[in-house]
Protein chains: 2
Amino acid sequence: MTSKRPSAPLLDSAKPQSQRPSGSPCAACTVRDQSLCAPLSDEELGIVEGFRSGTRRIAAGHDLLVQGEPATELYNLISGWVFNYQLLEDGRRQIDKIGLPGDFLGFQADLERPMGYSVHALTECEVCVFPRRNLLELFREKPALALRLTWMIARDESLARERLTSVGRRSALERIGYFLLDLYYRVRLREGVPVGADIPLPLTQEHIGDALGLTSVHVNRTLRELREMGLLRVAGRRLHVMDPDGLADIAGVDEDTFAEYATFPGTAC
Amino acid sequence: MTSKRPSAPLLDSAKPQSQRPSGSPCAACTVRDQSLCAPLSDEELGIVEGFRSGTRRIAAGHDLLVQGEPATELYNLISGWVFNYQLLEDGRRQIDKIGLPGDFLGFQADLERPMGYSVHALTECEVCVFPRRNLLELFREKPALALRLTWMIARDESLARERLTSVGRRSALERIGYFLLDLYYRVRLREGVPVGADIPLPLTQEHIGDALGLTSVHVNRTLRELREMGLLRVAGRRLHVMDPDGLADIAGVDEDTFAEYATFPGTAC
DNA sequence: TCATAGCGCTAACCTAAGTCAAGAAGCCCG
DNA sequence: CGGGCTTCTTGACTTAGGTTAGCGCTATGA
């Protein structure tokens, strides 16, 4: 049940690395459809630029937001993978969400309060920065954005609930199957990866364990089992799902559980 | 890991029992401060009455909303306890949220989609009914309500995340300690129960197990342990926390983790 | 180029929690 | 007041997953 956190620079603060002058890049934003900004028309998009304070790069392995510290900024993830996690005093870690491009990072019920969790960059990331103080004003200006945010949070809540069901009630085999299948669909549908191709998976087995309430050792054993069943293969930081249906079977989900991800970009509230 | 669901009428649909004509009871609403309506002034309150369709009683043991079925109505819980749960095909159950008076029930990202979870009445409940179709219009009329809802969902998400950390990384003793302490504070602060008094706890040991990813047998063992440590006592559908600090210690939370509940009513966004 | 560090992988062993079973309370309802 | 429910409780036994420890591979960087 335990897992002593190792050396790693897990609690280092994020280090700003470059800070472009915010030209007018929103029009060329690569994640617009999946992000907060989806409901905005081309003309409206200009408004956002007045509220954001540019983009920033975060090196892999650094924390964008730190549990216990107040967050002065919110981020729209443009590229890269992140995860949210909570730490117990003795170092046990729970990873609760894997964030992909388009996800909005750092919002919580009470923005005045210190962060309830940390956000960690798995790969090098590029984020679009919103000073916290601007946010409510932006929402007042463009209520559609507020609605969109509500929608995104509700989606996060549903993912969290789903994950809770996994960790509370599914076996290791089911859990890992479900988790990887879920990632597989999320990534495929956002990035338009062709069926049958493998996807990047910048997670160690320890990350997977911390996301699912397992040990890295047991993750390894279970991954082997899934490989021997011919369902998937994890190697070289990539995931290859060979038999999505068989995997869905193991995970105990009905066919279209992940179909709803397909609606993600379209549903502009 | 498994737990065969027993006989019980878990999947019965909710049975409407009475349907008062909606006089003008909003002014006398007992949960106004804790509910969606908190941001409304006395005058504004009248508006809500045009959108809601009255109140309804649900008998204990019935489901208000059912996983897989579309929800035509949303509810504001006025009195009674409920819980949200998800069911796996083989009957394993995960309870994800205990709902108390003031909680808003049934909202999810995509209201058109069938419910992703069920809501079950633990005690007899009284709810304030909002037809789903009215909701967006109501929010357009009163944006403060939309903001308030966002706030409430974000709060739910944070609770779900906290619970995930428990189930994924805490031992049975810690988990149960945390869970009961959390309920203790939530109930105390909402109902103004005096310090040292016991609170109602309409949960069976099986419910607690299903909420925390444990077996009822193991919950029983662990409850005994907590009792023998002099920390708490569960009996006759009531919970008596004898040593909140000691319990917080076991649960591994810092003092003011639950202090934020205190801000619940006040923070009208 | 060698050394260090992180990660993957496996094996042997251990323990927290699950399973099964059965009796004791308590409760509802005729 | 007496069956038929759940729910609680406990004991004996099993098991999924945790722990510890090593080895090998691959980067990285001085």
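The contact between the two chains of this predicted model takes 43 residues from chain A and 42 residues from chain B, where contact means heavy atoms within 4.5 Å. The area buried between chain A and chain B is about 4100 Å², with carbon and sulfur atoms giving 58% of that area; buried area here is the accessible area (1.4 Å probe) that two parts lose on being put together, summed over both. Residues are numbered from 1 along each chain as its sequence is written, and chains are lettered from A in the order in which they are written. Local features need pLDDT of at least 70, side-chain atom pairs count only at pLDDT 80 or more, and totals for chains and interfaces use all residues, while side-chain values use heavy atoms, without hydrogens and water.

Four salt bridges are counted between chain A and chain B, a salt bridge being a side-chain nitrogen of Lys or Arg within 4 Å of a carboxyl oxygen of Asp or Glu. Glu174(B) pairs in this way with Arg92(A), their closest N and O atoms being 2.8 Å apart. Polar contacts (N or O atoms within 3.5 Å; within protein, one able to donate a hydrogen and the other to accept it, with residues adjacent in sequence counting only if both atoms are side-chain atoms) join 19 residue pairs across this interface, both residues at pLDDT 80 or more. On the side of chain A that touches chain B, two or more residues come from each of β5, α3, α4 (172-191) and α5 (205-212), and α3(A) gives the largest share, 16 residues.

The same surface serves both, as 98% of the contact residues of chain A recur in chain B.

Within chain A, the domain assignment gives domain 1 (25-159) and domain 2 (170-263). Their C-alpha centres lie 25 Å apart, and the contact takes 16 residues from domain 1 and 18 residues from domain 2. About 1500 Å² is buried between these domains, and Trp81(A), Arg93(A) and Ile98(A) supply 34% of the area that domain 1 buries against domain 2, more than any other three residues. Three salt bridges are counted between the domains; Asp103(A) forms a salt bridge with Arg186(A), with the closest N and O atoms 3.5 Å apart.

Methods. Domains from an automatic or database assignment. Helix = DSSP H or I, 4+ residues; strand = E, 2+ residues; numbered from the N terminus.
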